[in-house]
Amino acid sequence: MTGALSAGAAANMLASVGDVAFILSPEGDVLDISVSDGELAKHGFADWVGTPLIDTVTVESRVKINDMLTEAAKPGGAPRWRQVNHVAAGGDVAVRYLMMALGDGGRLIAIGRDMRATAALQQRLLQSQQAIERDYIRLRQTETRYRLLFDVVSEPVLIVDADDRRISEANPAAYRLLDAMPGELAGVPVQTIVADGQRDDLIAYLGAAEAADDLAPIALRLVDSRGDARISARLFRQARKALFIVRIDVAGGAVGGKAMDATLGEVIERMPDSFVLVGSDLNVLSANAAFLEMTQMPSMDRVVGARLDTWLGRPGIDLDLIIAQLREHGSVRNVATILRGAAGSKDSIEVSGVSAPMGDGECYGFTIRDVGRRERNGGESVGDVPRSVGQLTELVGRMSLKDIVRESTDLIERLCIEAALVYTSDNRASAAEILGVSRQSLYSKLHRHGLGNLMSSDV
């Protein structure tokens, strides 16, 4: 039916379906145009009569125009929408076209829809997604900073649910103060941290903290005769839930007798050598900053509760021997072994330890000193060939028997080569003959043992 219409009439009728309609010759030249969108008219679309449609688009859209012309010329072909970019006044204009044959004259019609509004909407959506992602990253970074601050602060802090008065979270300092293992305080009623006779006082204080922000701290006795403490609480809301942040300040009078212990703990924390305290099951109870640095662990809560042989010595060998000595003699001194870092490093160390009573059992304290630097300054490393049999015996505890035997073989080989070179006044051909090896084999061994550079005349 449309084949009986003139090009202009067909274009005007079909332009109502989209924003623009082109009547095209079989070769793709524009015969007539109908623009129903005034904005497209401002971009010069109406001036393209007589111009090949392919010349109005950008380079990357030319292939799409050719494909549409080919598909529209095929009998019975199913047309499909394609988006192209026109080069127009004021910048590129994105238009989505459906091209089809128009009657029997070979003419084609391309119905276009302006995609600028959709593109702008997509751009705004992309910008909104990027803004949300940036906000999420900032939120995660802020949460990480506050989580790190919560974990490293020396003051015991509890997060308590205001509805049921149960502990939601506690920092490592609170676990140490209450002598609890990590995770044990979660879900525990907060009043259990104080002595039996003062638990109602703590509940009443939290009730008052819900109504006032500047409430003065309350002095209460901690559970299990841990002394007096000043407890303060402040209400805050998170995700529509009311929570208390409860701070515990051990009273100065209560710790007067423990002032020396606190000073000693501070000294141990700042020691350049590593210190670690483990229970009778070899699980870590406490450690200083130097131990965290040597084991390459990020925080104390990742160390406490883990077994010491995770890092110290060869599993099932060194630490078992050290503990056996501690149980028999009460102390060990300068035991040579290795320490494995979380990132895969291995350091030569010396361990000294002592056992001490703790409750119904015992605990073990270890000082760990890095001796790798001392060995490097002495001109030797674990991988170097020893210069004496005495040094071979010093490798026991640092290397396996198989490695020590290999070191012994290398030592004997090197000493024999040195003796042959001295006997032949450094004549390598004669030295190879004396040793019963080929010259090439001798050169290889010289290179491996670092006994001198090969001369070009020797090769």
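At what angle do helix 12 and helix 14 pack, and how far apart are their axes? In this predicted model, helix 12 (residues 401-423) packs against helix 14 (residues 439-449) at an angle of about 115°, and their axes are 11 Å apart. The crossing of helix 12 past helix 14 is left-handed. Helix 12 contributes D410, E413, R414, I417 and L421 to the contact, while helix 14 contributes L442, K445, L446, R448 and H449.

**Aromatic pairs**

Five aromatic pairs are found in a search of the whole structure. Two of them are listed below.

| Pair | Distance between ring centres | Angle between planes | Geometry |
|---|---|---|---|
| F22 and F45 | 6.5 Å | 35° | tilted |
| F45 and W48 | 4.4 Å | 35° | tilted |

The pair of F22 and F45 counts as tilted because the planes of the two rings stand at 35°, and planes count as stacked under 30 degrees and as edge-to-face over 60. This pair links distant parts of the chain, its members being 23 residues apart. F22 belongs to strand 1 (residues 20-24), whereas F45 is in the loop between helix 2 (38-42) and helix 3 (62-73).

F22 and F45 are both buried. W48, the partner of F45 in the other tabulated pair, is likewise buried.

Conventions
Residues are numbered from 1 along each chain as its sequence is written. This is a predicted model: local features need pLDDT of at least 70, side-chain atom pairs count only at pLDDT 80 or more; totals for chains, interfaces and linings use all residues. Side-chain values use heavy atoms; hydrogens and water are left out. Axes are lines fitted to C-alpha atoms, for helices over the stretch in contact, and angles run from 0 to 180 degrees between N-to-C directions. Helices (H or I, at least four residues) and strands (E, at least two) are DSSP runs, numbered from the N terminus. A crossing is left-handed if the near helix is turned anticlockwise from the far one by less than a right angle, and right-handed if clockwise. Contact means heavy atoms within 4.5 Å. Rings of Phe, Tyr and Trp (its six-membered ring) pair if their centres lie within 6.5 Å; planes under 30 degrees apart count as stacked, over 60 as edge-to-face and the rest as tilted. Buried means under 20% relative accessible area, exposed over 50%, partly exposed in between (1.4 Å probe, protein chains only).
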